[in-house]
Every structure is written in structure tokens, then in C-alpha cells.
Amino acid sequence: MATGIASGCGQLHLRKPVYLRNSYGNKAHSHSNVILNGTQNQIAWSSWVSNVLRVNRSSYPQCQVIKTNWKSRRGTIKSSQQRDGSVTRYFDFIVIGSGIAGLRYALEVAKHGTVAVITKAEPHESSTNYAQGGVSAVLCPLDSVENHIQDTIVAGAYLCDKETVKVVCTEGPERIRELIAIGASFDHGEDGNLDLAREGGHSHRRIVHAADMTGREIERALLEAVFKNPNIHVFQHHFAIDLLTTQDGSDVVCHGVDTIHTETKEVIRFISKVTLLASGGVGHIYPSTTNPTVATGDGMAMAHRAQAVISNMEFVQFHPTALADEGLPNIPSARENAFLITEAVRGDGGILYNLDMERFMPMYDERAELAPRDVVARSIDDQLKKRGEKYVLLDISHKPREKVLSHFPNIAAECLRHGLDITQQPIPVVPAAHYMCGGVRAGLEGETNVQGLYVAGEVACTGLHGANRLASNSLLEALVFARRAVQPSIDHVNVSRIDNGASSWWPRPVAPLALGDTVLNKVIRRTREVRKELQSIMWEYVGIVRSTSRLNTAEKRIKELELEWETYLFQHGWEPTMVGVEACEMRNLFCCANLVVSSALSRQESRGLHYTTDFPHVEESERLPTVIFPSQRNSTWSTRQLHAQPIS
């Protein structure tokens, strides 16, 4: 894996060789970095992806098109069972993830073939379900698409791809109308129109919401529609292990995914013509995150191992206001994920104070509490460090009680459970890892450099968010790109075939049952300890404020910890082809942590979410996306596919 800051357009020119970092801090082989034809100041992200990474759909290599008698049957599942009892399921489309991106895509492609939705836990357990604020879109005549575009680019610290931003902001309103048609119910004002909220970084009121439980309402509506569709089959408690790929020359093709049933421990293989990764983010590389427990970077890690290009992993968004349990009257027991206090609280007039009830945001930014999230999170972090305190206070109690309770019923109920009335008292808050702006690099149709593999949602890096995501743009991006990936996916299915014998192209992963319960329990216990150690390293050295020396320390310590963990596993009889949920999650967390650190070390400036004390200013020459190119030199379990790719 090589990391560098690169950009380009349809015509690529190479400059003199430069040394790019690999994920473990060693100097990589000499590569040629790609730069934009002409000025570097205009980023042609989508053009670069479409013309360089994307494989023309009309020229798939014939060696990959294998004729078969198998055909899709509406409402049925095609499966096969091997002599050893292993199961393979065949579909036209596979969707990995059951959040807004995966479900919206599934509903569309189900009109053209059979669809498997593979989800790690319960179908509703996704980051979408936890999204409180809403979806941003221009639905008010006083607003404009141009305003939304400008707000997005400003919040993204001018690293956004302008074409992508234009597409998303332009198509957003129609995507909202489609959601409503599917059955999502959003809040309306007394005039009968949608009640549009405003959040930090937005110049106008454009946030469509359902109180402070918008994601839950969207998830409900989409799941209801999915379960009614006879062509969509939902496989819950199926943990995706690795993508199944073949390679012919420089072309990598995705044919499906291996999974393990988290309850039965059965390994099940899914073969498909098209795979959509919609697996969410990687919040659990940090000890405190608003993400659900399933967010362990599985999709990003699988895609990296499958030779997909990764971008902008240094831009980890820390939500400035997660509930600080230590500041509650009744301290709750340990949570698996932090409880989010939505951006909309500040959008509705919430004020941030330190523990002496001094308002501090105007000292940091003229927009005060309505500044973008990166500014607010750094301001809170600065207050906490200077004052030696563990949280700050977010006060909305000056607003009418009825308004507070109607707008934020979920937050009010959660705080009241722990003895705090938000209509009378300020809310203790602290930053927590929230959203990954980087991910698998995608073009304007969700395409990747791996044939048959598309991405949408948080796992993708489309260029929309740049260096910092504008509030409520994530659900919008997921909707737009899930929809844009539909037609190219259908085109791919129409020119592809699936061989019933494809399942035998790769050896099967195996569950570690042969190790016995005693050894397996030791491995799981040590893996959980290592996970906490990794999270501690990431928070201490790769948090809201960074430095080169601290990043180098993180890189070294992560490498040592990963080697120690792998050695422990293999000394206890673990084989590289063995798979268990805890071990595979740890494998993915290590992979993503290395991607974040490597990307952070490559960016020698402070932009958006990436702030480093060694380079505290924005540098125009650095206004380029970070790109991690695939490499065959990966040498750890976390960066290798379980099985070598067969040559077609």
C-alpha cells in the first residue's frame, strides 16, 4: 500500500518520482505521483475516478464472462451445498449493510433481479438508525442549490469535489420526495409544509427531520418496504469476512463475499454479479464513538484487501456533543457507544458553556455554536485541556419547554433517565468519534476500481465531504449515490453470467472450532484487551489534535501491537484461514487504524478535521485528496485476503 496526496483528470501527467508512505511508516518503492493537468487548485475528483479507476462497462474481459444455465427466479434463492456441508447462495445483487444506502439501493435493483441484503446484526442496527438530526436538501423557495453547494464546500475546507457536490445538492430534493413516497414520515409545520431545521454550517433552514429520531424513521420505512419485496432476501447476523475476487492482469473483479453466521458460526458464501458495499463507518477504532457496535470498518478493510483505492482516511469527524455520562446526576453503566446530542440542539439555539458557565464559542469563531463541527470539536477540546475538565455544558433550557420536548423527545428522555431535565438544566457533552469522511474511492455512479464492486454511504469516499462533513449531508449522500449506482449495476448484471462452479474457485474459511473452548476463550479475551489498547492509542495520538511525532508513535505502537496479537493467535493454533467475529473485527480495526495514520502522516497541513500542531495552517499546495493505492506487498493478516486471488 502506498499513500500520497494526488489528483488528476482525464489526461494524466506524471511528475518526477516521489517517495510515498506505506501503512507502516517504511519508505515505499519509488512511485510516480499523479497531479492535475494544469492547475492543482481545481480538483477533478469525479473525472479522475471515472476515467482512470473505472473500467468501461462495455469492455469487460471475456475471460470473466462465464455462461451458465442458472437464471434468476423471482422470489426464490438459488443455493448449493458441498459435500462438506458448506453452503453457497447465488444472487444477481449483493448488498452488504442494511442502512439507508443499502436498503434504498436494494429496493431499486430488486426490480431487475434477486437481491441479498447481508447485515451483521439485526437489520435495523445501523448508523442510519442512530442518526438524530435529519437529511439536508433545498426544499424552501428562500434557499437555493447554489447556497447548499457553497455551504458544503466551505464546511469541507475547499477539498470537496465540485462536480460531486453539485450532483448531490441538485438531486437531493427528489431523493427526499422518493423517501416520503416509500413511507417515511417527517415533521411538518403549522402551514402544512415540511418543518425545516437549521444546523451548524448551513446558511438556511434545510434539514428535513422526524423530531430527533430521523434515522430511526427512515430505517423503519425502508425496512418495511424491503420486507414486503419478494425479490429481496435479508440475511441477518451474517458477518462479511472478505470479498471474493479474481484478477486478470491489472483487472480485479468482485464475485461476491464470504460470511460467517454470528450465531451458528457457519461459513456461508455468496456469489453475485454485482456487490454494493454499504457497510458504514469505523467509529470503534476509538474508545468513545456515537457509532453502533457494528461499525468496525469491515467494508473499508475488505475493499482495501481486495485492491480497491482508498482516500481521505485522515478526516475522522468527531461530533462535538456526545453525552458526557460523568456529568449526569446518575452516572449510567458503561455504554457500548456514546449517546449523540444532535447538531440540531445548537441549530435551535443551544449555547455551549464551560463549567464556570462562561460562553466560549464566540472566542473561537464568529459563527459561535453554528460553526462547522471540526471548529466546535477543537474548541471544546481546547477548553477541556486548558481547564483540566472532562466535559462542557450545552444549554437549551432558555427555550420554551414545549418546544424543547417536541423537538428533542429522545434526548430529553435519555437525560431524564439519568436524573437530568434538559428543559431546566444544561447537558454535559464531550466530543466523540462520529463519522469517517474518507473511505473507498468512488466515482459519480458509486463505481470503484474493482469491477462489479460499488460503494455508497459512509464506507465510500465520493468527494462530497472534503475535509469535513457538513451536518446532515451524510444521509443525503447515501440516498443520492445509492440511486446513482443502480443503472450501472443493472448494466453490469445484463452482461455478466454466474458459473455454478464459481464457489469452488476459492478455498473456504473455517470457523476455529477445532481449537476447543479453552483456547478459543483465551484468544477472544486477549483480542478484547488488544482492541481496547488500539482504541487508547488512537485517541491519545490520532485524536482531534495531532502532531507528526505523535502520529509516528501511533504508527510504531500499532505495528507492534498488531504483530504481538497475530503472534499470540498463531501460537495458540489459529490459522490464517480461520474466522471468528472478534478476530475478524480486530483484523479490520487494525487495517483501518493503519490507513488513518498513514493518511494523516501524508497530509502536511491543517485542513478541516485534520489538525496538526506541526503544520497549523492551510496550505494551498496540499489541497488534494489523499490516495492510498493498492499494493501486493501487504504482509499482515489484516491487510491480506484470506485466500490468494486465483488467475482467470
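The entries follow in that order, after a note on the model.

I am working with a predicted model, in which local features need pLDDT of at least 70, side-chain atom pairs count only at pLDDT 80 or more, and totals for chains, interfaces and linings use all residues. Residues are numbered from 1 along each chain as its sequence is written, and side-chain values use heavy atoms, with hydrogens and water left out.

Strand β17. I looked up residues 316-323 and found 8 of the 8 buried, so β17 is largely enclosed by the rest of the structure. Buried means under 20% relative accessible area with a 1.4 Å probe, protein chains only. β17 pairs with β20 (residues 427-436) in the antiparallel sense, over 6 bridges; pairing requires at least two DSSP bridges. Strands are DSSP E runs of at least two residues, helices H or I runs of at least four. Q317 has Y435 of β20 opposite.

R508. I located R508 in the loop between α14 (486-494) and α15 (516-541). R508 is buried without a salt bridge (Lys or Arg side-chain nitrogen within 4 Å of an Asp or Glu carboxyl oxygen). The nearest side chain of opposite charge is D258, 5.2 Å away; Lys and Arg count as positive, Asp and Glu as negative, with His and the chain ends not counted.

Largest pocket. I noted 34 lining residues, with H284, P287, R335, E336 and N337 nearest the centre. α15 gives the most to this lining, 6 residues. β20, α15 and α17 (581-602) each supply at least two. A pocket is an open set of points on a 1 Å grid over the protein atoms alone, where a 1.4 Å probe fits, with protein on both sides within 12 Å along at least five of seven lines; lining residues have an atom within 4 Å of a point.

Conventions:
Buried < 20%, exposed > 50% of the residue type's maximum accessible area, 1.4 Å probe, protein only.
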